[in-house]
Amino acid sequence: MGRAILTAPVRRWRRFRYRRLLRRMAGPRLLRAFAEAYPQARFVEIGSNDGSKYDHLREHIVSGAWRGIMVEPVPYVFERLRANYGHLERVALENVAVADRDGSLPFYHVAEASEEERAQLPDWYDTIGSFHREAVASHASKIPGLEERIVTTDVPTVTFRTLLERNGYDQVDLVLIDTEGYDAEILATIDFDVHRPRLVIYEHFHLPAAERRATRARLEAHGYETMEEGFDTFCLDTRADDALTRAWRGLRPAVPGVSAEDERASA
């Protein structure tokens, strides 16, 4: 209990610094410009967690008229997502994972922690589920005893196309992917000739350098302009000469793109 009391001010300070950084970052500014251009945006968020923790989209989903699909495969985290968004009829909640097939696959995540345990753990503790066990295990230096906390759950899987079809969508305006290292594989399954969202955001942090470069190049080959900032890559279809394209071209990343490999190299 004493340690929890000592760490509380540290966590508040980190949240304060995070909020200050957000005001300078290009990503949130881009999303505000997108929300102005698409006040009734259709979106898909893959890897939603509880829809609150470090979520790029929350303010626009809750306060606006956006409608879409939020995907979270971990059962106990999904229950938190449902508690946060279950009252919004315009948002469909899917307790599945998006993959290259309809069926089921083993998914690696951390065991649910008690409230007392959570006081000793990073506040992002339960955000690190992945199809890649090594992506979860890579956080061992920050979570004591992580190996013993990793569990495997067989989760239902759907393709991106199936996800849209069963929720009645032909097209969406925004796709956000945050899947701890599986982002590139999901993007590879999306047919951008059929489904062409105006804005795509994915986490590159856990991608190996070659895959990180190849994924960005693939989006650029489909006509998107791209920008890395922090853990994420932002991709905008700029074919329309409109206010959103002009806002995009005025943005500069507040911090460079970083990856787990970068962190290991600098340690």
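How many helices and strands does the secondary structure of the chain come to? Here are a few friendly notes on that and on some residues worth a look.

1. **Ground rules.** This is a predicted model, in which local features need pLDDT of at least 70 and side-chain atom pairs count only at pLDDT 80 or more, while totals for chains, interfaces and linings use all residues. Residues are numbered from 1 along each chain as its sequence is written, and side-chain values use heavy atoms, with hydrogens and water left out.

2. **Overall fold.** The chain has 12 helices and 10 strands (DSSP runs numbered from the N terminus: helices are H or I of at least four residues, strands E of at least two). Its radius of gyration, 18 Å, is close to the 18 Å that the globule rule gives for 267 residues, so the chain is as compact as a globular protein of that length (taken over C-alpha atoms; the rule is 2.2 Å times the number of residues to the power 0.38). Along the principal axes, the C-alpha trace spans about 55 × 40 × 40 Å.

3. Of the 267 residues, 48% count as buried (under 20% relative accessible area; exposed is over 50% and partly exposed in between, with a 1.4 Å probe and protein chains only). Among contacts (heavy atoms within 4.5 Å) between residues at least 6 apart in sequence, 72% join residues at least 24 apart.

4. **Helix α2.** This helix covers residues 26-37, and its 12 residues should span 16 Å at 1.5 Å a residue, which agrees with the 16 Å between its end C-alpha atoms (the expected span is 1.5 Å times one less than the number of residues). The buried residues of α2 are A26, G27, P28, L30, L31, A33, F34 and A35.

5. **L174.** You will find L174 in strand β7, residues 174-177. L174 is buried, at a relative accessible area of 0%. Leaving aside neighbours within four places in sequence, L174 is in contact with residues including L31 and F34, as well as W66, P197 and I201. Between L174 and P197 there are 5.2 Å in space, C-alpha to C-alpha, although they are 23 residues apart in sequence.

6. **T127.** Is T127 buried or partly exposed? With 24% relative accessibility, T127 counts as partly exposed. T127 sits in the loop between α5 (115-118) and α6 (133-137). Not counting residues up to four places away in sequence, T127 touches N49, K53 and E180.
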